[in-house]
Amino acid sequence: MRIEALLLAGLCFFGSAAPMFAQDAEGAAAGETSEAVKADAGVDVDKLIADYNAKETTPRTFTAEERDWIGRGLDPADVDAFRKGHASIISKDENTIFFLRDGVEETISSDPKFATRPVAPHIAPFATELEGNPFWTAKRASETAKDVDAMFDFIMWTSYIFTALIGVLMVVFCIKYRRKPGVRADQSITHNTPIEIIWSVIPTILVGIMFWGGYTTFLDMRTPPPDAMTVKVNAYQWGWNFTYPSGIESPQEFHVPANTPVEMLMTSNDVIHSFHLPSFRQKSDVLPNRYTKVWFDSGEPATYRVYCSEYCGKLHSDMYAKMVVDTPEDYAAWLVKAGNWMVNDDGTMKSALEIGELTYNRRGCKACHSIDGRAGTAPTFAGLWGLERKFADGSTRVADENYVRQSILDPYSQLVEGYGEQMTVYNPMLPEEQINGIIAYLKSLKDVPRVD
């Protein structure tokens with residue numbers, strides 16, 4: 001009776017919890033924000049912040065911009081995720097979301113008749129890559145991916161069949177040939193040529209198929225066509241920078257034209273990373289002081305994620321980029337825009353502050369330097385301007401224009417006390433306009449409180 005009662009209680013629990021689990025899974029697959037961050041009229045921002053700080057060891061001071069996000073429904077705990085582009089704010093009608101792209105707020109709306117919430121393409125694109133594929137493998141985006149999956153399926157089904165066959169035979173033999181009281185055991189069979197040939201030849205054929213299929217597919221994946229477009233990839237802690245044949249750079253966002261072979265020429269600034277495109281079944285180590293290469297056919301227009309699948313330090317889990325496969329027309333238009341991101345649509349130059357904020361988001365500064373006052377892998381930018389900095393060698397210096405410039409071009413010459421040599425050296429990569437922009441951006445954060 002006790003066992004039956006426990007089973008009944010377990011069934012009741014799972015029966016009541018199943019809808020909740022299903023709802024959570026559905027929300028995760030769609031990249032949705034939790035119910036706690038829905039916008040609500042009359043939100044008491046101070047109370048939400050007070051409740052948040054009551055749970056934290058170190059109270060946090062939120063900027064006016066962050067308070068505005070919280071007032072529109074963002075949970076204080078999700079502020080950093082929203083700033084990095086990992087979370088979104090759902091509007092009151094639930095058919096519009098707000099999100100940040102390169103530090104600029106954008107919106108996406110959906111048609112209410114479909115009863116589905118919109119999803120920002122860079123928030124959780126991997127969720128869409130999982131749709132319609134068995135065993136939770138990512139969406140197949142190229143012919144090479146189909147070849148890889150064919151070998152994967154062959155190996156898996158071979159394993160399933162032999163595991164089931166061996167398991168069933170083992171159970172049958174254990175029952176049929178078990179020792180029985182009063183029955184004398186038969187003399188063991190020492191040799192059976194047909195059986196030995198069968199269990200030697202069939203596995204050899206299967207393993208040969210696996211080897212040949214894997215070998216030829218590997219050669220195809222490592223031998224790019226002569227007309228492949230070459231894109232240089234520079235990995236660093238913790239981001240990706242892509243350089244196109246025209247010389248245009250695109251940090252953290254990778255665009256390619258549809259149905260085009262693309263060869264990646266990759267190297268690393270610091271430690272070993274791994275370039276991983278799940279939907280194209282491509283993964284290759286990216287090493288410092290040498291080049292590695294992979295290639296893929298871009299396929300039809302779509303959006304994917306580039307992952308780092310080699311643990312590379314504290315923020316390894318944040319090291320991904322968005323990959324966009326454009327139509328040829330959209331790709332050409334994007335190249336023009338990417339090459340002139342410091343210029344407004346009317347042809348005028350953006351302000352130094354605008355360039356600085358975009359540089360902060362595009363160049364990977366935000367991966368280590370926060371702007372909310374909290375120090376992380378590197379010192380926070382909040383309240384930095386005009387502050388006296390103490391270095392590892394005991395010397396000090398005021399954070400002014402020359403200090404910022406030297407920190408960008410020669411970061412190891414003045415290491416702040418308590419931090420190591422981990423910043424990417426941008427000289428001569430960072431243009432003068434972007435250095436001046438960073439200086440202007442730091443000045444704008446002068447009055448933001450610091451949490452040292």
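1. A word on terms to begin: contact means heavy atoms within 4.5 Å. The model is predicted, with local features needing pLDDT of at least 70, side-chain atom pairs counting only at pLDDT 80 or more, and totals for chains, interfaces and linings using all residues. Residues are numbered from 1 along each chain as its sequence is written, and side-chain values use heavy atoms, leaving out hydrogens and water.

2. Leaving aside residues up to four places away in sequence, M264 touches V231, V233, F242, F254, F275, T292, K293, V294 and F296. M264 also belongs to the largest nonpolar core, which has 39 residues, and is listed with W240, F242, F254, F275 and M323 as having the most contacts inside it. (Such a core is a set of buried Ala, Val, Leu, Ile, Met, Phe, Trp, Tyr and Cys residues joined through side-chain atoms within 4.5 Å; buried is under 20% relative accessible area, with a 1.4 Å probe and protein chains only.) A second, separate core of 22 residues includes Y360, A382, V416 and I435.

3. Of the 452 residues in the protein chain, 41% are buried. Among contacts with a separation of 6 or more, 59% join residues 24 or more positions apart.

4. Which way do helix 9 and helix 11 lie relative to each other? The axes of helix 9 (residues 352-362) and helix 11 (residues 432-444) come within 7 Å and cross at roughly 95°. The two helices are therefore roughly perpendicular (65 to 115 degrees). At this contact, residues including L353, I355 and Y360 in helix 9 meet residues including I438, A440 and Y441 in helix 11.

Conventions
Buried means under 20% relative accessible area, exposed over 50%, partly exposed in between (1.4 Å probe, protein chains only). Axes are lines fitted to C-alpha atoms, for helices over the stretch in contact, and angles run from 0 to 180 degrees between N-to-C directions. Helices (H or I, at least four residues) and strands (E, at least two) are DSSP runs, numbered from the N terminus. Angles under 35 degrees count as roughly parallel, over 145 as roughly antiparallel, 65 to 115 as roughly perpendicular and the rest as oblique.
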